[in-house]
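Please open the model in a viewer and keep the selection panel at hand.

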Amino acid sequence: MKNSKSDKTIYFMVHGAVIAAIYTVLTMLFAPISFGPVQFRISEALCILPFFTPAAIPGLFLGCFLSNLLCGSAMLDVVFGSIATLLGALGSYRLRKTKWAVCIPPIASNTIIIPWVLRYAYGSVDLIPVAMLTVGIGEILAIGVLGNMLLVMLERYGGLFKRITVKNS
């Protein structure tokens, strides 16, 4: 079967859109624990997906953006929370050759950025280091534990992320 460049583009867009949709649904489904100074965003487990496909980068960014927007987050959170996810996804993609390091960039970007968002978007009175600790623990649990479990399962059972190759005629 011959695959064209447009097939590859459609594949990339569909994968990104599906990842965005799953991230958004998971965030909204678990909204009570997905937001606030102490949060455990189950959808963050998907931040390991750049290990499998670059389509996860825009998918995770869009998923976070939509989640924050649809759940009524402050505009600073919509923007900077999404940027934190984007930076994490880009870092994960760069580290994809070292499987166990893939979870580090999203944990780090959220741990550093989100406490400042909580302070300036919501007026959180927590000290920034305390907020970094609480956000960091949530990220370690969501990405470091759940995300790595997801990575192992997808690696073992997944054929979900087979790349379409474009053959030259």
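How do the residues of the lining of the largest pocket divide into nonpolar, polar and charged? They comprise eight nonpolar, eight polar and four charged residues, where Ala, Val, Leu, Ile, Met, Phe, Trp, Tyr, Cys and Pro count as nonpolar, Asp, Glu, Lys and Arg as charged, and the others, Gly among them, as polar.

This is a predicted model, in which local features need pLDDT of at least 70 and side-chain atom pairs count only at pLDDT 80 or more, while totals for chains, interfaces and linings use all residues. Residues are numbered from 1 along each chain as its sequence is written, and side-chain values use heavy atoms, with hydrogens and water left out.

**The largest pocket**

Select Gln39, Arg41, Asp77, Ile114 and Leu118, which lie nearest the centre of the largest pocket among its 20 lining residues. Helix 3 (56-70), helix 4 (75-94) and helix 5 (104-122) each give two or more residues to this lining. Helix 5 supplies the largest share, five residues. The space within amounts to about 210 Å³. On a 1 Å grid over the protein atoms alone, a pocket is an open set of points with protein on both sides within 12 Å along at least five of seven lines, a cavity is a set where a 1.4 Å probe fits but cannot get out, and lining residues have an atom within 4 Å of a point. Grid points are joined across faces, edges and corners, and a volume is the space filled by probe spheres set on the points.

**The cavity**

Next, select Gln39, Phe40, Arg41, Glu44, Val135, Gly138, Glu139 and Ala142, the lining of the largest cavity. Its volume is about 30 Å³, and its lining has three nonpolar, two polar and three charged residues.

**Helix 4 and helix 5**

Display helix 4 with helix 5: their axes are 8 Å apart and the packing angle is about 170 degrees. Axes are lines fitted to C-alpha atoms, for helices over the stretch in contact, and angles run from 0 to 180 degrees between N-to-C directions. The two helices are therefore roughly antiparallel, a term for angles over 145 degrees. Helices are DSSP runs (H or I, at least four residues), numbered from the N terminus. Among the residues meeting here are Phe80 and Leu87 in helix 4 and Ile113 and Val117 in helix 5, contact being heavy atoms within 4.5 Å.

**Helix 1 and helix 3**

Finally, select helix 1 (residues 5-29) and helix 3, whose axes come within 7 Å and cross at roughly 35 degrees. Their contact has 12 nonpolar, six polar and no charged residues.

Notes: Angles under 35 degrees count as roughly parallel, over 145 as roughly antiparallel, 65 to 115 as roughly perpendicular and the rest as oblique.
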